[in-house]
Amino acid sequence: YRFFGEPVVEACVENGASCIDISGEPQFLEGMYLKYNEKAAEKGVYVIGSCGFDSIPADMGVLYTRDKLKGTLTAVESFLTVKSGPEGSCIHDGTWKSAVYGLADQDSLRKLRKRIGYTPVPVVGAKLKRRGLVFYSQEFQQYSIPFMGSDVSVVKRSQRYLHTELQETPVQYGAYVNIGGLGSVIKLMFAGILFLLLVKFSFGRKLLTKYPEFFSAGRFTKQGPTQKQMDGTSFTMTFFGEGYSEGQDPQNGKPSVKICTEVKGPEPGYVATPIAMVQAAISLLEDAACLPKQGGVYSPGAAFSKTKLIDRLNKRGVEFSVISKPEA
């Protein structure tokens, strides 16, 4: 999307057509907001980015958790677990390239955000503590790391919109991924250090994009997963939410209620993503009365918070459910 996405957005806005994409690149998503939000509003069209895995499960999962808590949800952490069958799993190198170019160009993202001039999202309730770079998750009995995708930036954009435009209580959010035992941690740390060293130089970036399989220990390939690998792979995103019971002021005292929800579905890249994308498009067409009042460039949670998108996904195999009810 960084190289080829903008002409599509521009053509859609100019010609009065709404569009969705499955980008996971914050720089592209937020750049389109800066350049086209006002034009899209004038034309009455909706440009909705990141409508695939993983931002639909993350963004809509936070809203689902909020709606299921009796009281005020103030903070959520999500943990992604990907399970694969005997054939293992892999990811197409398009995602790898997005990561290479995104990390190499982080300064531009910071400058872009300055130009947009986001209003800070207020912290309501107890401040959500950031976890370490690698930590042992008691809930899953394995090691976890911060999730490197666009989820945190996408959810933050949704929460900012819902707070400023609809006066809803903003939810703090942290995203993590489970990686397994100590052996996985050692492998990942070695690969991560190598990646961060190489990504700083154009020669290093050439090597990373030319030999994704070698540098990712087989996790990313130019061919992508086989049908057998896709059939044996699934994901679960577990959300741990905390907040304040009805009638309790979130600005005073510690959180008094907790809730656990999950979103689960088939193989993320080639099965869950098209399901999410198509159902988002159907919501855009059929739930038009429930969309934001005016057009613009939106994140999924901002665009679809009042629509039937979660019901549609539930019927298509991307399932949202409550694991444990709120407990004081």
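Start by selecting Arg312: leaving out residues up to four places away in sequence, Arg312 touches Gln279, Ile282, Ser283, Glu286 and Asp287. Touching, or contact, here means heavy atoms within 4.5 Å.

Before you click on, a word about what is on screen. This is a predicted model, where local features need pLDDT of at least 70 and side-chain atom pairs count only at pLDDT 80 or more, while totals for chains, interfaces and linings use all residues. Residues are numbered from 1 along each chain as its sequence is written, and side-chain values use heavy atoms, with hydrogens and water left out.

**Stop 1: around Arg312**

Colour helix H13, residues 309–315, and you'll find Arg312 in it. Helices (H or I, at least four residues) and strands (E, at least two) are DSSP runs, numbered from the N terminus. Is Arg312 buried or exposed? Arg312 counts as buried, because its relative accessible area is 16%. The scale calls a residue buried under 20% relative accessible area, exposed over 50% and partly exposed in between, using a 1.4 Å probe and protein chains only.

Now pick Val154 as well and draw a distance between the two C-alpha atoms. Arg312 and Val154 are 158 residues apart in sequence and 21 Å apart in space.

**Stop 2: H2 and H6**

Val154 leads us to the next pair. Select helix H2 (residues 26–43) and helix H6 (residues 151–166): their axes come within 10 Å and cross at roughly 25°. That makes H2 roughly parallel to H6. Axes are lines fitted to C-alpha atoms, for helices over the stretch in contact, and angles run from 0 to 180 degrees between N-to-C directions. Angles under 35 degrees count as roughly parallel, over 145 as roughly antiparallel, 65 to 115 as roughly perpendicular and the rest as oblique.

H2 passes H6 in a left-handed crossing; that is the name when the near helix is turned anticlockwise from the far one by less than a right angle, and right-handed is the name if clockwise. Show side chains for Pro26, Leu29, Glu30 and Tyr33 of H2, plus Ser153, Val154 and Arg157 of H6, which make the contact. These residues of H2 and H6 divide into four nonpolar, one polar and two charged. In this sorting, Ala, Val, Leu, Ile, Met, Phe, Trp, Tyr, Cys and Pro count as nonpolar, Asp, Glu, Lys and Arg as charged, and the others, Gly among them, as polar.

**Stop 3: the three-strand sheet**

Keep H2 on and look at what it covers. H2 lies across E2 and E11, running at about 145° to E11. Those strands belong to an open sheet of three, ordered E1-E2-E11, with parallel pairing. Strand E1 (19–20) and strand E11 (296–298) stand at the edges with a single partner strand each, so one side of each has no neighbour in the sheet. Strands pair if DSSP finds at least two bridges between them; three bridges join strand E2 (residues 46–48) to E11. To see one, select Tyr46, whose bridge partner in E11 is Gly296.

**Stop 4: E3, E9 and E10**

Next, colour strand E3 (residues 72–83) and E9, which run antiparallel and are joined by 11 bridges. Glu242 stands opposite Lys258 in E10, and the bridge partner of Phe240 in E10 is Cys260. Seven of the 10 residues of E10 are buried, so E10 is largely enclosed by the rest of the structure.

Zoom in on Thr238 in strand E9 (residues 234–244). Thr238 counts as buried, at 7% relative accessibility.

Glu77 and Phe239 are 162 residues apart in sequence, yet 5.7 Å apart in space, C-alpha to C-alpha.

**Stop 5: H4 and H8**

Finish with helix H4 (residues 93–104) and helix H8 (residues 202–210), which pack at an angle of about 165° with axes 10 Å apart. That makes H4 roughly antiparallel to H8. Their crossing is right-handed. Among the residues making the contact are Trp96 and Tyr101 of H4 and Leu208 of H8.
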